[in-house]
Amino acid sequence: MPLWVFVLIVLFAGVTFASHFLFPSVRWFFRKRAERVIARVNERLQRPIEPFKLARRYDMIQRLIYDPEVTQAIVDHARSEGIPENVAFEKATHYAREIVPSFSATAYFSVGIRLARWLSTALYRIKLGALSRDELDDMDPDAALVFVMNHRSNMDYVLVTYLAANAGALSYAVGEWARVWPLSSMIRAMGAYFIRRRSRGELYRRILARYVQMATRGGVTQAIFPEGGLSLNGKLAAPRLGLLNYIVEDFDPEKRDVIFVPVALNYDRVLEDTFLIAADQNGNRRFRPPVWDLVNGIMGHLWARLLRRFEDFGTASVRFGRPLKLSDFEVEEGTDLTKAIGEELMQRIKNVMPVLGVPLVCHALLEDGAISSSTLETLVQARLEALSESGLSNLQVDAAEIVRDALQHLYGRELAREIDGLIETMPDGRNILQYYANSIAHFLPANPEPSIKDAAAAR
C-alpha cells in the first residue's frame, strides 16, 4: 500500500472519530458546564435568563428567516428588485446573521459584568437612584421589561450593564459603530444585537422588526435608546420610534405584557464631549474621532494613573423613572399610540434626570461674566433650593462643596480660570459648559429670579 494512501486513510479515520465521538463529547461537556453556570446565576437574578436568550444562534437565525412575515418580505423584495428569490433569501440570511446575537452567560456574568464594574468605578464616582428590589418584584414576572434610556455617552452601555447586574441580562440595540472585529464578537456574546440606523430597505426593517418582536414575546429584558444616537448638545432629543413601534405593533396583552422602565443618565464628564459638540456645530452626526487623538487620550490617562495624578472624572449618575405598563396606557381615539408612548417615556426620563455638580456650576457660570467664588456658591445654592422645593435635586451636599469639586474639574480641563479672585470662563470652553448646562436646563429658568441675583450681590 502506498504511503500516501495510508496517510489519507488515517486522516479520514481521525476526522470520522472526531465528528462522531470527540466533538459531541466536547460539546456536551461545555453545554453541561454552561447549564450549571446559568442555574447558579438564575438563583440570584431578580429576572431569570429567558430560554429565548439561551437558544443557539444558528437555530435563532433559522427561526427568523423562515418566519412567515420574513418569508413574505423576501418574496416581495425579489419581485420589487427583479431578482431570483434565492438571491433575496441569501440577502435576508445575511441580515439575520448580522442582527442575531450569540449570548453567552459565561461571557456576560463572568467577564462582562466584572469588566463593566471595574471600568465604571475606575473612571467615575457612581451614584445610583434605586429601582428597589420590591419595585421589580411587584412588576408582573411574566412581562417583558424594556429599559428606555437617554444616550449621553458610549459609557452608558457599560454603566447600565453594571448597575442592572442583579436585575437580569440586558439585550442592547447597538449601532454600526460596534461592528468591528474583535469588538463585535464580544458584544454579540453579551447579548446585544446590531442595527443599521440609516437603513431604508423594507426587507432589512422587516427582519429587524421580527427579531425585536420575537425577543419581546420571549420575555427578553431589553435596553433601548429612543434618541437613536448620542446627544450632540446635552439636551434630550425627540424620540425615534422605530424600535418602540416594532414592540407596540406586535403587542398582545393576552400573550405577554410589556413594561417600559425609563432610565436617566448624566455625567460630570462625558468622555466624547468635544467630538459631539464639534459634530453638532458641523451638522454631521457621522463622525469618527481621529485614531491618534484616541491613542493620545488613552496614553495620557494611563500616564496620569501611573503618576497617581488621576482621581476620577467626577460623578456618573443613574435614576429610574416611573414604569409604564403598556396594557394600562390609554390614549384618545385617533392618537398615534407609539408616538404618545415615546413622548411620555421621554418626559419621564426628563423628570428624573440626575442633577450633578458640574452641570449645575456650568449653568451658573454661563449666567454672568467673571464672578467671585462666594457669588458662585450663592447662585448654586439658590438653584439647589429651587430644585429641592420641586423635589428634583438628588444632591445631598452643600453648595460650597459642589462648587469646589466642580471647579477642580473645570480648571483641570482649562474650561475656566480664576484671576484676581474672580472666576471666568475660557472663550474656547463656553460651548462645553453650555453642553453640560443643557442637561439640566429644563429644571431651571433661562434667567434666574431677581432675588437670586440680589442675594448674590449681597454676598
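Student: Taking buried to mean under 20% relative accessible area, which residues of helix 5 are buried?

Tutor: In this predicted model, the buried residues of helix 5 are A88, A92, T93, Y95, A96, E98 and I99.

Student: What span should helix 5 have, and how far apart are its end C-alpha atoms?

Tutor: Helix 5 covers residues 85–99, and at 1.5 Å a residue its 15 residues should span 21 Å. The expected span is 1.5 Å times one less than the number of residues. The end C-alpha atoms lie 21 Å apart, which agrees with that expectation.

Student: Now the whole chain. How many helices and strands does it have?

Tutor: The protein chain has 19 helices and 11 strands. Of its 459 residues, 47% are buried.

Student: And what share of the contacts with a separation of 6 or more comes from residues 24 or more positions apart?

Tutor: Such residues account for 76% of those contacts in the protein chain.

Student: What about confidence? What is the average pLDDT?

Tutor: The protein chain averages a pLDDT of 80, and 76% of the residues score at least 70. Over residues 448–459, however, the pLDDT is below 50. That stretch has 13 contacts in the model beyond near neighbours in sequence.

Student: Changing topic: how many cavities of 30 Å³ or more are there?

Tutor: The count comes to three.

Student: Which residues line the largest one?

Tutor: The lining of the largest cavity consists of F52, K53, A55, M60, V100, P101, F103, S171, G191, Y211 and V220. By class, this lining has eight nonpolar residues, two polar and one charged.

Student: And how does the lining of the second largest cavity divide?

Tutor: The lining of the second largest cavity divides into four nonpolar, two polar and five charged residues. Its residues are Q213, T216, R217, Y246, I247, D250, F251, D252, K255, R256 and V258.

Student: Which elements give two or more residues to that lining?

Tutor: For the second largest cavity, these are helix 10 (202–217) and helix 11 (242–249).

Student: Which of the elements gives the most to it?

Tutor: Helix 10 gives the most to the lining of the second largest cavity, with three residues.

Note on methods:
Residues are numbered from 1 along each chain as its sequence is written. This is a predicted model: local features need pLDDT of at least 70, side-chain atom pairs count only at pLDDT 80 or more; totals for chains, interfaces and linings use all residues. Side-chain values use heavy atoms; hydrogens and water are left out. pLDDT is the predictor's confidence in each residue, from 0 to 100. Contact means heavy atoms within 4.5 Å. On a 1 Å grid over the protein atoms alone, a cavity is a set of points where a 1.4 Å probe fits but cannot get out, and a pocket is an open set with protein on both sides within 12 Å along at least five of seven lines; lining residues have an atom within 4 Å of a point. Grid points are joined across faces, edges and corners, and a volume is the space filled by probe spheres set on the points. Ala, Val, Leu, Ile, Met, Phe, Trp, Tyr, Cys and Pro count as nonpolar, Asp, Glu, Lys and Arg as charged, and the others, Gly among them, as polar. Helices (H or I, at least four residues) and strands (E, at least two) are DSSP runs, numbered from the N terminus. Buried means under 20% relative accessible area, exposed over 50%, partly exposed in between (1.4 Å probe, protein chains only).
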